[in-house]
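Open your viewer and keep the sequence panel beside it. Follow the stops in order, selecting as you go.

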Amino acid sequence: MQTPCPLCGNDDAAPWARENGFAMGKCRGCGLLYVNPRPSDADISDANKVGVHRGEDGALDVRTRYKASKTAHYSKVIRELFGADWADGKPIHWLDVGAGYGEVVAAVRQTAPAGSKVHGIEPMQPKVRKAQELGLPVTSQSLDDIPGQFDVISLINVYSHVPDFLGFGAALAARLRPGGVLFLETGNAADLASRDAFPDMLYLPDHLVFAAPPQMRMTFEKIGLNLERYEEQPVDGLVWCLKKAVKHALRGQLLLRMPGRSPFRTVFYKARKPAC
Ligand SMILES: [Zn+2]
């Protein structure tokens with residue numbers, strides 16, 4: 001079914017990419033990239049539960065495993081972005097939504113003030129089991145099942161999987177205490193000149209939407225949060241380039257990239273709920 005832009009409601013989009021039997025368009029109103037026609041809600045949630053998406057070209061498997069290096073990376077990012085907020089040493093309550101194997105939950109445990117509480121929720125059962133085996137507080141509960149208000153809700157590389165973010169984002173904002181922060185990471189694909197500037201597969205329709213800072217600023221405004229700060233980081237470091245080369249070599253292709261050349265960035269956003 002053809003859908004209007006989930007951010008501004010405009011129904012005029014320029015073709016941007018095709019992959020795996022799906023088309024992605026760029027909204028001529030706000031610049032958001034979104035899969036259109038969109039898979040049905042039933043298909044989206046079923047695929048999410050098992051971690052596998054199928055397109056016309058065959059199966060697409062998005063399952064991975066717990067990575068300690070990811071915890072180290074997020075500990076550093078969280079220290080940089082929240083260190084000043086936590087200077088008074090007051091314990092905080094943090095909820096990680098779409099916690100995966102619990103790497104971010106583990107990073108918060110390492111960095112937040114003593115006495116802080118952190119919890120992760122994750123829809124994919126195999127990931128929940130794995131995180132629990134590692135002693136991490138990750139469960140398959142929904143947002144409504146978790147009581148209380150939070151100082152921080154994090155949404156790390158989840159945004160692009162949510163077909164219609166405004167409703168979901170407003171529900172998250174409602175669960176922040178006044179002055180609380182929505183901490184969100186997603187790529188800047190909507191800033192790229194064309195699909196060719198994106199350094200990887202798009203993984204459609206596992207990814208349904210791509211934004212960049214202008215679209216995220218508009219999103220936060222619509223859900224009643226103030227964009228306080230954002231940080232862009234390159235993703236094409238040396239390790240990333242080597243991994244891509246190996247992945248392509250396994251498929252019998254030669255792909256050599258120089259680190260730091262891609263205009264693609266991952267972006268960390270801190271959006272704050274007004275204090276009163
Ligand atoms: Zn739009």
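Helices (H or I, at least four residues) and strands (E, at least two) are DSSP runs, numbered from the N terminus. Select T3, in the segment before strand 1 (13-19). This is a predicted model, in which local features need pLDDT of at least 70 and side-chain atom pairs count only at pLDDT 80 or more, while totals for chains, interfaces and linings use all residues. Residues are numbered from 1 along each chain as its sequence is written, and side-chain values use heavy atoms, with hydrogens and water left out.

**Stop 1: the start of the chain**

Stay on T3. Is T3 buried or exposed? T3 counts as buried, at 11% relative accessibility. Buried means under 20% relative accessible area, exposed over 50%, and partly exposed in between (1.4 Å probe, protein chains only). Now show the contacts of T3, where contact means heavy atoms within 4.5 Å. Leaving aside neighbours within four places in sequence, T3 touches Y34, V35, N36 and R38.

Go to N36 and P37. A cis peptide bond joins them, with omega about 0°. P37 sits in the loop between strand 3 (33-35) and helix 1 (41-50).

**Stop 2: the whole protein**

Zoom out. Colour by secondary structure to find 7 helices and 13 strands. Of the 276 residues, 49% are buried. Among contacts between residues at least 6 apart in sequence, 71% join residues at least 24 apart.

**Stop 3: two loops**

Select N20, in the loop between strand 1 and strand 2 (22-27). N20 has phi near 60°, a positive value in a residue other than glycine. N20 is buried, at 11% relative accessibility.

Jump to Y203, in the loop between strand 10 and strand 11. Phi of Y203 is also positive, near 55°. Then find L204 and P205, joined by a cis peptide bond with omega about 0°.

**Stop 4: a helix inside**

Select residues 103-111, which form helix 3. Why is helix 3 described as largely enclosed by the rest of the structure? Because 7 of its 9 residues are buried. They are E103, V104, V105, A106, A107, V108 and T111. These buried residues pack against helix 2 (68-82), strand 6 (93-97), strand 7 (117-121), strand 8 (138-139) and strand 9 (150-156).

**Stop 5: the cores**

A nonpolar core is a set of buried Ala, Val, Leu, Ile, Met, Phe, Trp, Tyr and Cys residues joined through side-chain atoms within 4.5 Å. The largest has 50 residues, and L182, L184 and F220 have the most contacts inside it. Apart from it lies another core, of 25 residues, among them V77, L81, W86 and A99.

Return to L184. Not counting residues up to four places away in sequence, L184 touches L155, Y159, F165, M216, F220, V267, F268 and Y269.

**Stop 6: rings and a charge**

Show Y74, F82, W86, W94, F183 and F268. Ring pairs link these residues into a cluster. Rings of Phe, Tyr and Trp (its six-membered ring) pair if their centres lie within 6.5 Å; planes under 30 degrees apart count as stacked, over 60 as edge-to-face and the rest as tilted.

**Last stop: strand 12**

Select E231, in strand 12 (residues 226-234). E231 is partly exposed, with a relative accessible area of 33%. Leaving aside neighbours within four places in sequence, E231 is in contact with L81, T266, V267 and F268.
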